[in-house]
Amino acid sequence: MKIQRRISTGITNSRARRVAMAAAATLLAAGTLAACSGGSGSTTSGSKTLRVLIAAPQEGAGKALQADYEKSTGTKVKITVVPYDQIQTKAILDAQSGANQYDVIQYWYTSVGALAQADALDDLTGWVDKDKDIDKSDFIAPIYNAYTQYKGKTYGLPFDGDTHLLYYNKKILADNGVKPPTTWDEYLADVKKITDANKSKGIYGAVMMGDKSAFNIGSTFFNRLATFSSSPIDSQKPDLTSPAALAAAKSMVDAAPYTAPSPSQIGFDQALALFLSGKIGMMEAWTDLGTFAQDPSQSKIADNWGAVPLPAGAGGKTAAPLDAGWALGVSPSAPDQDAAKDFVKFATSKAENLKLVTTTGSGVDPTRTSTLESDKYKSFTPVVAAALTQILGNAQSWPTSPNAPKMIQSLNDNLAQMLQGSLTPQQALDATEKAWDAL
Amino acid sequence: MTTAAPVPASADGPRRHRLIGWALIAPALAAVAIIAAYPLVYTVLVSFSKSTLGRPFQSWVGWGQIVTAFTDGGQLASILRSLEFAVPAAVLSVVIGLVIALSLDTATRGGRVVRVIMLLPLMTPPVMAGVIWKLMFAPTGGLFNDVLAGAGLVTEPVLFLGASPAAMICLIVVDIWQWTPFCVLLIFAALQSMPREVYEAAQVDGAGVWRTFRSVTFPLVLPSLVTVLMLKVIVSFKVFDLVFVMTSGGPGLDTNVASFNVYRTALQQFDLGAAGAQTIAFIVLVTIVVLPIATWRSRLLKAGSRA
Amino acid sequence: MSESTMPAESFGRTVIGRAPRAAARRRGGVSFAPRWTRALKSVVVVLAAVFFLLPIAYLAMVSFMRPDDILSDRVVPSGLSWQNWSSAFDRFPVADYLRNSLIVAAAAMVIALLIAIPANYAMARLRAGGKNIMTVIVSAYVAPPIVAIVPLFILVRKVGLMDSLVGLSLVEGLMVVPVAIWLLDDFFRNVPEEIDEAAQIDGCGPIATLVRVVLPLVAPGVVAVGIVSFILVYNDFLIPLMLSYSESTQTLPVGISLMQGGREVMYGQMAAASFTGMIPVYLLALFMQRWLIGGLTQGSVK
């Protein structure tokens, strides 16, 4: 009975209400759709905002560049920061899927081949050669060649010249009567000694980055590969069948048990935190570690650390393995190509590079000879500068061919399994070689 | 379950109603088409082709990729890992859920409080659950290791997520943490809706606790248990967030379950064709596992309604 | 649909073997069960409560710990501070992430309900779709979302809804439609046909019947399913990860995953951000728990 009453009195109201709601909803949907499809994605007109994709470790640099560029040119810059292990996916996804969210892309140099082939980067050769301000020859040669070249053409400009040094904690080494090692055998002995004596106190001889991301486990392996090889590493397809490769893999496995717990879970962020808190004797790391180590707000080891070139393997010599390393490129779908290029030129210029490498927290390292040899840099971080100049003559690059992303991932997978114990070093290298041949 | 009878036809006849019916259900069908049918068709097509993320359908490769997905050691392994994760996680959740549901007594205030507490893991986004447990499992500074070391039980940090099979076990634990409350709530409701008379009869017969459970409770609650099991298995096969946050498939590849493997192939290697093939293999696996459970369930439900 | 009726709760006690006489008592009545079962039950319940609560309590603690303590071996922190909270909000757009999560979840819930309710009615009353339609719809939910990622990415981009709250809400709303329909099914089928017939006699067409008559009756179920949908969308990770790029659209789970992979360990901030994201949902659950538990359990398990 109640229901019938409700029905008879309520019908007209409800129908009108429903119609009104439906109309409102449609209007709302249409309105937002219109607004959104106009607003997001590439702009065809309107205010000029440069959209820049930046990797998280260079977030400091990105923000500084944003401020500087806006100040000097008035063009607005929008920075998107992405974790280092996702940036390659992001950049390639953006380019290959046509989403075109960015005008300027910070890319990991190993993907230069893949990005160029996928038409995700503009060919900048003509522009770079013509524009004298860029001063191509000032870039450190091995870095420039590795970071920007594909099939003889230039696809970007170096932004952050990364390589590894061996950092050590002065006190821990001195307390244990150990000197910074010059060979990997010495390294192993030193690490064992320190760890055995100190691990009850939570102090370890070294920390090894074994996290599966390429920057971590890949760097750890490549550091050894570069310094065990007597001849330069082929940047299209490194030789994994050589004795140097096997020695490199083995030295990882040998040292791993004596390093801080669970290398396979340690990435750069954890390793850095451990080292800066004074718990680690030695660490292979990027050159800006030197600036962090001196920053009292993050570091407990200010003035208590040193850096030397990486140890060498038997038959090899010390080298500057190009681990990580970033360049800036222009997206072919950027609506304003000139503005994007101008930003790239600005960000990689002598002035900016020098400024960024002498700013704590920027995450940027020298890409230009002028920066490397400048007094400002040398006085900012003398230890690192000295070590760098020693090794950059023997810089070794990772693969940069279009297959490089796949090659690197399969190498990392096998290395991770090796580190964890399911593969022997020989098996890991063989499996990777097989996978590479199939590509 | 009441069955629905069609609304009595008006003078327009059932045809008008049927048209309206289809109109009402059309948006839902469209939704299913967009989020399920279209992706499925796309996946099938792409797995027959060589495709990268930016250049799909470059060329036709026939069955090659699909065969690889079913036969390649690595791919098979990831599918088995999904199985290895989903089945124990589901079964344990249901069993533990049953135990807790049986112990729950909403009459007391404690019981009600516990029911509310149990909502919390369900509400927690899996990403955050992963973050929390990753912190607890961490080798340095993690809660468990700190407690173990502090109590003097271990001298070296225990590797929870950094060793196998511990890593997979830990993932299962987190999944159980997150989903057991779901099972508890559903099973509890089922328990509450069971007929009293059977129990009273059993009691009069002098049956003890265990006997009552085995012969009376369990058979009655079994249909609901199987329903919950089916739901839970489906949910567990979908796991992605936990792996992404906690292990990235590691250590090595030990927690590289099928869903994560597809992600890696598609978005880190950009090989869309292979990813499509792997997806098909994965769907086949899920169907193979879920279908028997679903059949079992309908059989139980039919038997139950006949009784 | 109340939480526990008298026969039911007393039934709960008889399940573990208490005397049937207890069934005659109301809430809080004395039970005659063997003591060991009661003790066992209490132990189980306490263990369960600890197990479920511990990680959340730990998360709260971590969010108040100083960076030193987080990586150290101490179980009890040396001191508490708010710095993670301020740091999380300063360095990361946590407020934006939270806002996006709430908007997307709410919008998706509305979309899903708007689609599901007519569909459920049509299936329950008008025999739309035939016998197997429910299986088809539910099977759409069985496949892991990873299957749909790339095709949806391409589709959304084509339609121009990439990196927009509208696009994300639409996709998420569509994705929970199967769940909503499945959960609502029993509620709709439990409405007696006599009510429909009465409405018919009054001259209502099917749509009017739905809105004026059936809907108010299934309202509790709708609320419960709405909450479930809200939570499912709120917690989602993979879709927002792929379809949103900037902080104007990224949701909180995505935002938290972005806090890793920088130079520093951000556990404290991640904890603070996580907690911020969990609080609205917890509050929602607490206030709505009666609806939630009742609706959820009534609807799905029979």
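Modeller: Happy to. A helix here is a DSSP run of H or I with at least four residues, and helices are numbered from the N terminus. Please keep in mind that this is a predicted model.

Biologist: Which helix holds C:Gln83?

Modeller: C:Gln83 is in helix H4 of chain C, residues 83-91.

Biologist: And why is C:Gln83 called partly exposed?

Modeller: Partly exposed covers what lies between the buried limit of under 20% and the exposed limit of over 50%. C:Gln83 has 37% relative accessibility, so it counts as partly exposed.

Biologist: What does C:Gln83 touch, leaving aside its neighbours within four places in sequence?

Modeller: With those neighbours set aside, C:Gln83 is in contact with C:Arg66 and C:Pro67.

Biologist: Let us turn to chain A. How many helices and strands does it have?

Modeller: Chain A has 19 helices and 13 strands. Of its 439 residues, 61% count as buried. Among contacts in chain A between residues at least 6 apart in sequence, 74% join residues at least 24 apart.

Biologist: Which stretches make up the domains of chain A?

Modeller: The domain assignment gives domain 1 as 3-162 + 324-396 and domain 2 as 164-321 + 403-438. Their contact takes 25 residues from domain 1 of chain A and 34 residues from domain 2 of chain A.

Biologist: How much area do domain 1 and domain 2 of chain A bury between them?

Modeller: About 2,400 Å², with 68% of it on carbon and sulfur atoms. On the side of domain 1, A:Tyr84, A:Ile391 and A:Gln396 supply 29% of the area buried against domain 2 of chain A, more than any other three residues.

Biologist: What makes A:Asp129 and A:Lys136 a salt bridge?

Modeller: The rule asks for a side-chain nitrogen of Lys or Arg within 4 Å of a carboxyl oxygen of Asp or Glu. For A:Asp129 and A:Lys136 the distance from N to O is 2.7 Å, so the pair meets the rule. A:Asp129 is partly exposed at 39% relative accessibility, and A:Lys136 is partly exposed at 35%.

Biologist: Why can the pair of A:Asp135 and A:Lys350 be said to tie together parts of chain A?

Modeller: The closest N and O atoms of A:Asp135 and A:Lys350 are 2.7 Å apart, in a salt bridge. A:Asp135 lies in the loop between helix H5 (125-130) and helix H6 (141-148) of chain A, and A:Lys350 in helix H14 (residues 350-357) of chain A, so the pair ties together parts that are 215 residues apart in sequence. A:Asp135 is partly exposed at 23%, and A:Lys350 is partly exposed at 37%.

Biologist: Are A:Arg368 and A:Asp138 buried or exposed?

Modeller: Both fall under the 20% limit for buried: A:Arg368 has a relative accessible area of 1%, and A:Asp138 has 9%. They form a salt bridge, with the closest N and O atoms 3.0 Å apart.

Biologist: What about A:Asn216?

Modeller: A:Asn216 is found in helix H9 (residues 214-228) of chain A. Its relative accessible area is 0%, so A:Asn216 is buried. A polar atom of its side chain lies 3.1 Å from the backbone nitrogen of A:Phe268. Leaving aside neighbours within four places in sequence, the contacts of A:Asn216 include A:Tyr84, A:Met209 and A:Ile266.

Methods. Residues are numbered from 1 along each chain as its sequence is written. Chains are lettered from A and ligands numbered from 1 in the order in which they are written. This is a predicted model: local features need pLDDT of at least 70, side-chain atom pairs count only at pLDDT 80 or more; totals for chains, interfaces and linings use all residues. Side-chain values use heavy atoms; hydrogens and water are left out. Domain bounds come from an automatic or database domain assignment. Contact means heavy atoms within 4.5 Å. Buried area is the accessible area (1.4 Å probe) that two parts lose on being put together, summed over both. Buried means under 20% relative accessible area, exposed over 50%, partly exposed in between (1.4 Å probe, protein chains only). Helices (H or I, at least four residues) and strands (E, at least two) are DSSP runs, numbered from the N terminus. A polar contact is a pair of N or O atoms within 3.5 Å; within protein, one must be able to donate a hydrogen and the other to accept it, and residues adjacent in sequence count only if both atoms are side-chain atoms.
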